[in-house]
Amino acid sequence: MSSNADPLRVLWRSLRLYVLCMFGQASTALASEPPLDYLHTNGPAADPVAHLAWGLGAISVLVTVVVTGLLVGAIWHKRTPSDAPKGDIRPRNNGLAFVYIGVGISIVILFACTAWTIETLAGVARPAAADRMTIEITGHQWWWEVRYLSPNSEDVFLTANELHIPIDTPVHLVLYGGDVIHSFWVPKLAGKTDTIPGQTNDAWIEATTPGVYRGQCTEYCGLQHAHMGVRVVAESPTEFAAWRAHQIAPATASTSVQGERLFVAHCGACHTARGLKAGGLVGPDLTHVASRQMIAADMLYNNRENLRRWISDAPREKPGTQMPNMNLSAQDLDALTDFVVTLR
Ligand code: CUA
């Protein structure tokens, strides 16, 4: 492990980022992006769970208020020493009846909450309509591999950390674990489902409103667990069809011969760019990397400056990442960055 992964350094960076975010000055995505909101949802896989969360929350608050009121009342009306002989703790004034009533009410409420929870979880286990799309998602340290399946093998394509889906369409997610256990969670669209090595898990999402929905790995998976973000872009069926057709197409040929040579030499062993002599399977597919909103698993905005920083020394931006420092000259770094931004 490099010295960049020093825990104190990571702690310092996290604290600094937190303070910057608080004052809205962070250069990373976290500062101005919407929060991971699970209390206001936008899809049939998440809505019933949000209603359940609000309902159980309200019941819990009500119970706390009632119990606190009774407790304060009991303390207020404490019995005086003259009421009972010293050491006699038996309830007075038929007090035992209140214990029976209290336990009875609690049992009814708890059973109702349990039934509501079971009914909700059963209801969101499967979509009401048959799913019309299947996407395979594999959790890696620390990024998401995304594979769009198709009956036609030529239409299967890979991307990373950013899913596009058409609105009002149930999408079947098949979840795999690439190394350790991760958990896929896009709170506005569905609950959490783990990605476990050696096991296949199923989930589904559906968005009723167009928009960008942020997600996050929610199973602690190592140093950069907190920087294992994902986003779902929900768009109209027409926009989605255009996006999909573009993703299926091979990489757009760049005019820079030197940039392509550098890309194949330095990136091709780990990354794929379809159409180029780059077929590595270790890191994210980069065929259309420049068309994504973010890089580094939703950590940095996808612009030339951030891409250059990332290509230059990824472990400095994300300690622990498997992508090494490329040790490129400034000239090669610029040429390679100029090439990567053309992979639209
Ligand atoms: Cu992946 Cu936490």
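Mentor: A salt bridge is a side-chain nitrogen of Lys or Arg within 4 Å of a carboxyl oxygen of Asp or Glu. In this predicted model, local features need pLDDT of at least 70 and side-chain atom pairs pLDDT 80 or more, while totals for chains, interfaces and linings use all residues. Residues are numbered from 1 along each chain as its sequence is written, and side-chain values use heavy atoms, with hydrogens and water left out.

Trainee: Which residues are linked in a network of salt bridges?

Mentor: Arg304, Arg308, Asp334 and Asp338 are joined in such a network.

Trainee: What makes Arg214 and Asp298 a salt bridge?

Mentor: The closest N and O atoms of Arg214 and Asp298 are 3.9 Å apart, and the limit is 4 Å; the pair therefore qualifies. Arg214 lies in strand E9 (residues 211–216) and Asp298 in the loop between strands E13 (294–295) and E14 (300–301), so the pair ties together parts 84 residues apart in sequence. Strands (E, at least two residues) and helices (H or I, at least four) are DSSP runs, numbered from the N terminus.

Trainee: Why is Asp298 called buried?

Mentor: Buried means under 20% relative accessible area, exposed over 50%, and partly exposed in between, with a 1.4 Å probe and protein chains only. Asp298 has 7% relative accessibility and therefore counts as buried; Arg214, at 15%, is buried too.

Trainee: How are Glu136 and Arg147 classed, buried or partly exposed?

Mentor: Glu136, at 18% relative accessibility, counts as buried, whereas Arg147, at 30%, counts as partly exposed. These two residues form a salt bridge with their closest N and O atoms 3.6 Å apart. Glu136 is in strand E1 (residues 133–140) and Arg147 in strand E2 (residues 143–148), 11 residues apart.

Trainee: Why are helices H2 and H3 called roughly antiparallel?

Mentor: Helix H2 (residues 47–76) and helix H3 (residues 96–124) pack at an angle of about 170 degrees. Angles under 35 degrees count as roughly parallel, over 145 as roughly antiparallel, 65 to 115 as roughly perpendicular and the rest as oblique. H2 and H3 are therefore roughly antiparallel. Their axes, lines fitted to C-alpha atoms over the stretch in contact, with angles from 0 to 180 degrees between N-to-C directions, are 10 Å apart.

Trainee: Which residues of H2 and H3 meet?

Mentor: Contact means heavy atoms within 4.5 Å. Among the residues that meet are Leu52 and Ile59 in H2, and Ile109 and Trp116 in H3.
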